[in-house]
Amino acid sequence: MLGFVARRLLYLVPVLLAVSLLTFLIASLLPGDLAYTILGDQATPEKVAALRHDMGLDQPIWWRYLSWLGNVLQGDFGRSFRTGQTVLQAVAERLPVSLELMLLAQIGALTIGIPLAIACAVRSGSAFDRFMTGSAFSMLSVPAFLSAILLIYLFAVELRWLPATGYIPFHEDPVGNLRCFLLPALTLALGEWPVLMRVLRSDMIQTLQEDYIAMARAKGLKPSRILLVHALKPSSLTLVTVTGINIGRLIGGTVIVESIFALPGIGRLLLSAIFTRDLIILQGVVLIVALGYVLINFIVDLLYAVLDPRIRHGHA
Amino acid sequence: MKGPALLSVEGVAVDLPTPRGNLRAVDHVDLSIGAGRTLGIVGESGCGKTMLSRAILQLLPKKAKLSGRVMFDGQDLVCLDRERLRKLRGRSLAVVFQDPMTSLNPVLTIGTQLIETLQEHLELDGVAAKMRSVELLAAVGIPAPEQRLMQYPHQLSGGMRQRVAIAIALSCEPKLLIADEPTTALDVTIQAQILDLLAREQRRRHMAMIIITHDLGVVAGRTDEVAVMYAGRVVERAPTPDLFKKMRMPYTEALLAAIPKIDAKPHTPLPAISGRPPDPTRPLKGCSFSPRCKYAWAQCQVEKPPLEDADSPGHQYACFRPLNTEAIAPA
């Protein structure tokens, strides 16, 4: 197992280098000169040239990449020229919001998706299965902004159970904090459970036809044990992959949901960095989000090995 | 048959709906087996022997329709509610499937798969169940049983996996073990070992056993009674020695002739049974074997021969042109 982890970690090095290079290139190749953005239209060419020299913008691009990479490796992702905040500070402030949203959304999606998938797989082809598969498909085609507005209308405007927008930090009021997150997390979960349900359902239907399930029934095991231990575990590889992709996507925040519910997450940080042409923040945040994505995928790979011993032993 | 039967299958029929129409996989089969006895069910692929075993275990596919009675230990399994059936399966009624590569769960350890059965039926605590698992693995000839408990099926060879499957089946001292082609998926060298293991454990535990196989050679020395199946029906049934001494059904003869002989000269063509079994969705009017039978005459094509008693006790056959009676010439 240790060798397996070490091997996987080694694979990450070229991936991370490629990610950093792409991030840097995207930010550098954007049209517009950073020095002009900072100094404004009224700047004299001399002042611009001086700032460009100070920021190293007059150096060749490979040199700029290497010095940026060197700084990043020392933990210096740069500093916003507008607010003076470092990238790490900005991310540390916003990331907990996006992480909490992501976590609650995943819990919600899995709580809805897994039981429904199992119930449908057991009765595959039945009226219940067809109804749920159809519902999942229609839920899949409802965009997040629509379900967000409907949820706000129902739970905030009509029933007045939950706040429509706003954010209360966890350390100030844990209950209030959870109440703020319920609607946005539910919005995201509603968009995700259909995917989880569909992949798990189809894998599970296949697993239930395996000989070892007939064997488990012939052993007289309880139906709950057959479904949850014998069938769910070997059926959950795709589920884990899709959940991993969702988590990775949500680390970068969701611009739409964070904007609708006024949550100060990574998504809104990126959005404002784009609007204010704050390239240093943009570049730093994109890199950190990409690192998070790579890390999640690494964890998914490890989970495969936990779920299927054949992968652990290099058989499959 | 001495004493009341442990299992008696009475008029069991299995119908499977297919896109081509109804498929009658098992056609009114009557069989019985007493406690501690061994019954062989023999027939070629598709003759319904596996469906019959699934019908006994009540493990048929959802769409299959089952009729008839399966009396086991005084209860009709067909009418038994799920919970009582579950308590019976694995406890008094156990099975070994054909392919040990697919019948063990690939993501659970050998130990888990063995211990869960013990804990389900015998209410053993963890330590006792583990000790018993080690004993069971040792009894079926698995070296270093303690280490095996921690291993996964893919770390074992096919023969070892089938031994594990047998250990699981034997774990709760069942009254009846159904071995469904237990050696078909294994190397020839392993086959005899597995069959001997099954025979030894069957005698030791005084357990009844049904061996399902396509190979008459497998049942020859190891069963008390043999039923030969063809196209979903039992076509001949006899105590094993009687069957080999005085078989009546041309199909049984053809099956026996199809076994390669060790003393045959090189390049002797194998007397395979020509033709194929009939399409089970298009039942024939007469004897199902008649199109392939070298003795068949006109009556065989229009009338289905009933299963009738032969002159020796316990011997039944379904044929209008039986062998080993008055001399008959090939038609």
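Start in chain B of this predicted model by selecting strand β3, residues 38-42, together with strand β9, residues 225-230. The two run parallel and are joined by 4 bridges. To see one of the pairings up close, pick B:L39 and look across to β9(B), where its bridge partner is B:E225.

Now bring in helix α11 of chain B, residues 250-257, which packs on the sheet and touches β3, β9 and β10 (233-239) of chain B. Turn the view until you can compare the directions of α11(B) and β9(B): they make an angle of about 100°.

Next, select the whole sheet. Reading across it, the order is β6-β7-β8-β3-β9-β10-β12-β11 in chain B. This is an open sheet of 8 strands with mixed pairing. Which strands are at the edges? They are β6 (93-96) and β11 (308-309) of chain B, each of which pairs on one side only.

For antiparallel pairing, move to strand β1, residues 7-18, and strand β2, residues 21-33, of chain B, where 9 bridges hold the pair together. Select B:P17 and you will find B:N22 of β2(B) opposite. Strand β1(B) also pairs with β4(B), again antiparallel, through 7 bridges.

From β4(B), step into the loop that links β4 (65-72) and β5 (75-76) of chain B, and stop at B:D73. Its phi is positive, about 55°, although B:D73 is not a glycine. Is B:D73 buried, exposed or partly exposed? There are 15 other C-beta atoms within 10 Å, so B:D73 is partly exposed.

A second residue of this kind is B:E123, with a positive phi of about 50° although it is not a glycine. Look for B:E123 in the loop between α4 (110-122) and α5 (126-139) of chain B. B:E123 counts as exposed because it has 9 C-beta neighbours inside 10 Å.

Now zoom out and colour chain B by domain. Domain 1 takes in 5-92 + 172-278, and domain 2 covers 106-170. The C-alpha centres of these two domains of chain B lie 26 Å apart. Where they meet, domain 1 of chain B contributes 16 residues and domain 2 of chain B contributes 14 residues. Highlight helix α8 of chain B, residues 188-205: with 7 residues, this helix gives the largest share of the side of domain 1 that touches domain 2. By class, that side of domain 1 has 10 nonpolar, 2 polar and 4 charged residues.

For the last stop, show both chains. Here 18 residues of chain A are in contact with 24 residues of chain B. On chain A, select α9 (211-218), α10 (223-235) and α15 (309-312), each of which supplies at least two residues of the side that touches chain B. Which element gives the largest share of that side of chain A? It is α9(A), with 6 residues. Colour the side of chain A that touches chain B by residue class and you will find 8 nonpolar, 3 polar and 7 charged residues.

Note on methods. Residues numbered from 1 in each chain as written. Chains lettered and ligands numbered in written order. Predicted model: local features only at pLDDT ≥ 70, side-chain atom pairs only at ≥ 80, totals over all residues. Contact = placed C-beta atoms within 7 Å. Nonpolar A, V, L, I, M, F, W, Y, C, P; charged D, E, K, R; others polar. Pairing = 2+ DSSP bridges. Axes fitted to C-alpha atoms, helices over the stretch in contact; angles between N-to-C directions. Domains from an automatic or database assignment. Buried ≥ 20, exposed ≤ 12 C-beta atoms within 10 Å, placed from the backbone.
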